[in-house]
Amino acid sequence: MSARDDILARVREAVSDAPEVAEPPRDYRRAPELAGEDLLAQFVERVEDYRATVTRCTEAEVPRELERLLDGVLRVVVPDGFPWSVPGGEPDNAKSAAELNDVDAVVTTSSVGIAETGTVVLSHGPGQGRRALSLVPDLHVCVIHADQVVAGVNEAVGMLDPLQPQTWISGPSATSDIELSRVEGVHGPRTLHVLLVE
Amino acid sequence: MSATFVGMPAFPEAARRALENTQQRHNLAHATGTIRDKRAAVVAEVDDWEALRLAGAAIKDQTLRHLDDHLVALEAALQERGATVHWARDAEEACRIVADVARAHDVDEVVKVKSMATQEIGLNEALEAEGISAWETDLAELIVQLGDDLPSHILVPAIHRNRSEIREIFRSAMGEVGRPAPDPLSDDPADLAGAARLHLREKFLRARMAVSGANFAVAETGTLVVVESEGNGRMCLTLPEVLVSVVGIEKVVPTWQDLEVFLQLLPRSSTGERMNPYTSTWTGAVPGDGPQEVHVVLLDNGRTRALADEMGRQALRCIRCSACLNVCPVYERTGGHAYGSVYPGPIGAILNPLLKGTGVDEQTDSLPYASSLCGACFEACPVRIDIPSVLVELRGQVVDAHRGGVPKPEAVAMRGAGWVLSSSARTARSERAAAFAGRLLNRLPGGRRQGDRRVLGSIPMPGAGSAWSQARDVPVPATESFRDWWSRTDGGEDES
Ligand code: SF4
């Protein structure tokens with residue numbers, strides 16, 4: 001018997017006399033309590049709680065803010081489809097991991113923001129770049145629109161397409177492996193700036 | 001890199017030795033206390049926490065009841081998205097599959113995302129035997145691997161090490177396997193993390209193959225999920241050409257929507273954060289993004305045995321958050337090594353016997369007794385696994401397995417314990433178990449000085465257990481420390 005058929009047979013045997021289980025209760029799904037400015041304020045507070053920075057600005061101010069946040073950065077990679085021009089920005093051009101390692105920063109857009117947990121989710125479509133782009137460089141500037149911010153994890157899961165790869169980002173890379181003391185920055189970007197556009 | 005749990009002494013013996021390691025006890029008490037407080041704070045923020053726990057438990061129960069259907073669906077979804085699906089009955093089969101993939105690509109090293117399943121099957125050792133180096137990339141796993149040590153906690157495997165020990169490990173071992181630690185190197189955690197970043201970056205950029213586990217596998221879509229903090233997971237899941245994920249068959253959830261429950265329960269229960277820094281999801285091979293060759297190994301290795309246990313099957317709901325370890329008074333004092341398994345603490349005390357069976361080896365049989373039945377683990381568990389009830393059931397199974405047989409000499413430590421129950425009727429089992437737990441516990445707590453005689457104190461216990469547990473002090477037998485035993489015997493391999 002193949003391992004597959006063997007395992008499936010063992011599973012069937014194991015549960016053959018198990019009772020049926022009721023449909024899982026979904027009463028944790030409540031209407032979000034926060035909206036509008038309160039929602040955005042919570043998003044900002046919780047992202048900053050991870051020691052990321054958040055800048056709120058208007059659409060027109062984005063280029064200036066990008067320039068400010070990237071001031072002094074030598075090399076920045078810009079994914080295809082990123083809607084703003086970034087002075088000196090380089091296109092992806094299928095850079096190898098080693099080439100990306102020589103790049104200092106990346107700018108991306110994002111798909112969803114979660115206020116309750118201070119999370120931004122990238123689903124790596126146009127403007128967000130393939131996964132390696134927002135991973136290898138040490139500084140990540142992530143642009144999100146106010147109308148992409150949702151209250152909680154339930155809403156975010158409902159909006160995302162599972163067939164696209166996703167990276168849920170809550171603050172910069174961090175570890176607590178040494179005496180439980182939190183250190184920002186192990187392998188992912190050590191600095192995360194979020195631009196919240198209204 | 002030959003440390004192994006094979007040959008570990010049974011729990012009472014290992015625990016007694018561990019208790020004499022004052023440094024480890026201190027590190028552990030500090031660490032578990034810190035995570036406990038963080039967890040409590042972020043759980044209190046969520047007003048529908050109980051509803052989420054109930055949903056999490058019910059989703060897992062329902063999935064397990066129809067696990068065959070979900071596995072077949074998962075396989076089909078993965079194949080449709082370009083992944084190759086393998087099935088492994090046991091550890092040996094799983095290790096061989098991974099090694100075969102490595103050999104097909106002619107690689108002599110792989111980078112690894114922290115994964116309980118690959119530790120369970122001893123993958124690193126199996127690959128090493130084939131001449132393939134497996135580099136752990138999680139900081140704590142790196143500390144354990146470089147120190148030729150064993151993990152002692154599910155989430156923070158190097159929880160038993162402090163900063164100066166870690167600095168020494170980095171200074172002496174990094175250079176032997178790659179980029180040496182910077183010199184000078186302080187014991188500041190930021191400096192130590194920086195050293196790990198440099199050491200591992202070289203390996204990430206070079207590696208052509210990665211091995212991961214998965215926290216969840218979505219049957220309807222074929223999506224795998226890895227939850228992590230440092231970004232080492234993202235490096236492994238993204239940069240190499242080939243990715244092999246070893247996934248226990250109990251990791252399946254039916255739908256994408258189900259993740260909304262677990263992505264709330266898991267981070268708050270494990271690291272005590274609202275959300276962990278990074279969660280990666282991917283569905284098969286993604287054209288132009290990440291590994292173009294994706295393998296998934298669906299692993300049994302005792303899970304179907306556990307699934308057949310009417311009381312014990314709930315242990316397969318476990319999402320490996322480690323909350324039960326952090327609240328356990330026994331774990332806090334003995335540490336993880338005493339459990340002799342990659343799954344320590346309360347979940348290890350039930351999962352190991354369920355996966356391996358009772359009556360097979362002394363060490364596994366001792367684990368259901370490694371508890372005071374205080375119930376703190378059940379309270380903390382995000383998927384409501386009733387660990388105390390499963391422990392009591394397993395104690396009965398251990399007794400039944402030994403009934404009629406003559407206990408081996410190694411069982412001496414357990415003699416005043418499990419085997420006196422050998423005439424047990426199941427009805428009376430729990431009372432006797434509780435009484436035994438009291439006797440065992442009186443041997444456990446850590447040493448304080450009373451005059452010149454070193455004594456064991458009593459264990460602080462919430463609720464009904466406290467009366468007996470504060471009954472008396474007993475002298476600590478003088479013997480070599482757990483760690484000394486460990487290095488002398490190469491993890492028990494050379495024990496004579
Ligand atoms: S048994 Fe429960 S508390 Fe313990 S690790 Fe598993 S899910 Fe977490």
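Let's start in chain B of this predicted model, where E136(B) and K112(B) pair up in a salt bridge, with 2.9 Å between the closest N and O atoms. E136(B) sits in strand β3 (residues 133–136) of chain B and K112(B) in strand β2 (residues 109–112) of chain B, so this contact ties together parts that are 24 residues apart in sequence. Both E136(B) and K112(B) are buried.

R36(B) and E332(B) meet through their side chains in a salt bridge, at 3.0 Å from N to O. Here R36(B) belongs to helix α2 (residues 22–44) of chain B, while E332(B) belongs to helix α15 (residues 329–334) of chain B, so the pair ties together parts that are 296 residues apart in sequence. How covered are the two ends? R36(B) has a relative accessibility of 29% and therefore counts as partly exposed, whereas E332(B), with a relative accessible area of 16%, is buried. The cut-off that separates them is 20% relative accessible area, since buried means under that value.

R317(B) and D61(B) make another such pair, and their closest N and O atoms are 2.9 Å apart. R317(B) comes from the loop between α13 (303–307) and α14 (323–326) of chain B, and D61(B) from helix α3 (residues 49–65) of chain B, so parts that are 256 residues apart in sequence are tied together. D61(B), at a relative accessible area of 23%, is partly exposed.

C318(B) counts as buried, at 7% relative accessibility. Over all chains, a search of the whole structure finds zero disulfides. Take C374(B): its nearest cysteine sulfur belongs to C377(B) and is 6.3 Å away, and C374(B) is in no disulfide. A pair would have to lie within 2.5 Å to count, so that distance rules it out. C374(B) itself is partly exposed, with 26% relative accessibility.

Finally, have a look at helix α1 (residues 11–19) of chain B. This helix is mostly covered, with eight of its nine residues buried. Among them are F11(B), P12(B) and L19(B), along with the arginines R16(B) and R17(B).

Note on methods:
Residues are numbered from 1 along each chain as its sequence is written. Chains are lettered from A and ligands numbered from 1 in the order in which they are written. This is a predicted model: local features need pLDDT of at least 70, side-chain atom pairs count only at pLDDT 80 or more; totals for chains, interfaces and linings use all residues. Side-chain values use heavy atoms; hydrogens and water are left out. A salt bridge is a side-chain nitrogen of Lys or Arg within 4 Å of a carboxyl oxygen of Asp or Glu. Helices (H or I, at least four residues) and strands (E, at least two) are DSSP runs, numbered from the N terminus. Buried means under 20% relative accessible area, exposed over 50%, partly exposed in between (1.4 Å probe, protein chains only).
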